[in-house]
Amino acid sequence: MAHRILVAEDEGLAAMAIEDELLAQGYEVVLAPDGQAAMEAAARQPPDLLLTDLRMPRLDGAGLIRALRAARPDLPVVVMTGYAPAGGQDAFRRDGEAPVSLFSKPLDMDAVLAELRRLLPG
């Protein structure tokens, strides 16, 4: 069964390009245009991994990560942003939580895909 990746990205063209890459790699993809829509999508179909932007309307990426991890502390998260937070990926990490990987935009999709394979083996 294909791994389900929830992609929260408010830039439509970027979201479609990411979706195309992920589908080509055999992943199941659920797109959400903002954090609130991502929360609703996750409630309908729990993802195996969250791939999220940070700056989005309605609910930003940091709020989305906190909300999803409240229910699923083991959810792997890949953050993609043009505005990396102070502290980098450690800004999202608390003791005992699943990994958070941070990638700068524009994305190096080869590096992102390699990280997805690492986080979602098999």
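Reply:

Leucine 50 stands opposite valine 77 in β4. This is a predicted model, in which local features need pLDDT of at least 70 and side-chain atom pairs count only at pLDDT 80 or more, while totals for chains, interfaces and linings use all residues. Residues are numbered from 1 along each chain as its sequence is written, and side-chain values use heavy atoms, with hydrogens and water left out.

β3 and β4 run parallel and are joined by four bridges; strands count as paired if DSSP finds at least two bridges between them. Helices (H or I, at least four residues) and strands (E, at least two) are DSSP runs, numbered from the N terminus. Between β3 and β4 the chain passes through helix α3 (residues 61-71), in a right-handed β-α-β crossover. Right-handed means that, with the strands pointing away from the viewer, the path from the first strand over the helix to the second runs clockwise.

Strand β4 (residues 77-81) also pairs with β5, in the parallel sense and over five bridges. Here valine 79 stands opposite leucine 102 in β5.

The strand order of the open, parallel sheet is β2-β1-β3-β4-β5. β2 (28-32) and β5 (100-104) are at the edges with a single partner strand each, so one side of each lacks a neighbour in the sheet.
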